[in-house]
Amino acid sequence: MKLRSLLFVPGDRPDRFAKASASGADAIIIDLEDSVAVDRKVTAREATAEFLSGDRPVPVFVRVNPQDSHLTHDDLASVLPYMPDGIVLPKAEGARSVHWLRAEAAAVADSQDGEAPPILPIATETPGAVFDLGTLREVSHYLAGVSWGAEDLPAAVGAATAREADGRYTAPYEMVRSLTLFAAHAAGVAAIDTVFPNISDEAGLSAYVVRAARDGFTGMLAIHPSQVKSINAGFTPSPAQIAHAQSIVDAFAANPGAGVLQIGGKMIDAPHLKAALSILARL
């Protein structure tokens, strides 16, 4: 499943589901958590279940409510009979949260014959979660990817903000972003960068996406359809990148057993081959 862009849409706004699906996003995330008021949860579940029961032009993930909300079981009971393409778990705390969610899904399955779809944990929204990132490799076969959040964590520790005046992350949250990147790659799953909240700043979004792709993220969360085009473009290898990667692969294929080769006046070795194969795998 290609996951360059994953677009959030509130679960209690079914009028937006079709537009989100037609946005060009690789997947949509119907949200039952933050964007839905408590008195609208049932309405959101019903609308989400109805949408899942029909044809899906794109993969559909559902963000359920976190463990401490005591709402997750009912969320799963509503959507699992229609088997969403993934479950987004907020405020996840490493492998134990993934096991907990699967246990909840199994409890629902006992009565509704469902199974647990792949899980995309939002893996840094509590202080303890930061220390549990490395455990996600233990449950990698259950994951669709790993993402992070830059809003709940500063609130949890009493920080005034996670960003500098120019929009860059402050040092603690830059560290958390980096740890998420490495946790995802250690688990061998998609590394999904968090949202860019200023939907009117197109230049800022483009720069953010370029940086994320440069650093090794493979996709990004989106909060508005207008962001999808830039995100998809940023996480799609350019023709020049593809040609260079193919030249590396071809050179090693033509020289089996070689440890180091010269291409274009530069020395190329095993890490370059691995990076080239990674680029071609994203096509």
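In this predicted model, the lining of the second largest pocket draws at least two residues from each of β1 (5–10) and α1 (17–21), and β1 gives the most, with four residues. The space in this second largest pocket amounts to about 470 Å³. Its lining comprises 25 residues, and those that lie nearest the centre of the pocket are Phe 8, Val 9, Arg 63, Val 195 and Ile 223. Divided by class, the lining of the second largest pocket holds 13 nonpolar, four polar and eight charged residues.

The largest pocket has a volume of about 900 Å³. Of the 32 residues that line the largest pocket, His 185, Thr 218, Ser 278, Ile 279 and Arg 282 are the closest to its centre. Several elements, namely α7, α8, α10 (239–254), β10 (266–268) and α11 (270–281), each supply at least two residues of this lining, and the largest share, six residues, comes from α11. In terms of residue class, the lining of the largest pocket is made up of 17 nonpolar, nine polar and six charged residues.

Within α8, the buried residues are Gly 204, Leu 205, Tyr 208, Val 209 and Ala 212. When the helix is seen down its axis, these buried residues fall within an arc of 135°, and they therefore line one face of α8. An α-helix has 3.6 residues a turn, so residues three or four places apart point the same way. The face of α8 that is turned away from the buried side carries exposed residues, namely Glu 202, Ala 203, Val 210 and Arg 214.

The buried residues of α8 are covered by elements that include the helices α7 (171–187) and α9 (228–234) together with the strands β7 (190–193) and β8 (219–222). Beyond the end of the helix, α8 is followed by Gly 216, whose phi is positive, near 120°.

Methods
Residues numbered from 1 in each chain as written. Predicted model: local features only at pLDDT ≥ 70, side-chain atom pairs only at ≥ 80, totals over all residues. Heavy atoms only, no water. Buried < 20%, exposed > 50% of the residue type's maximum accessible area, 1.4 Å probe, protein only. Arc of directions from axis to C-beta. Contact = heavy atoms within 4.5 Å. 1 Å grid on protein atoms, 1.4 Å probe; cavity = no way out; pocket = protein on both sides within 12 Å on 5 of 7 lines; lining within 4 Å. Points joined across faces, edges and corners; volume = space filled by probe spheres on them. Nonpolar A, V, L, I, M, F, W, Y, C, P; charged D, E, K, R; others polar.
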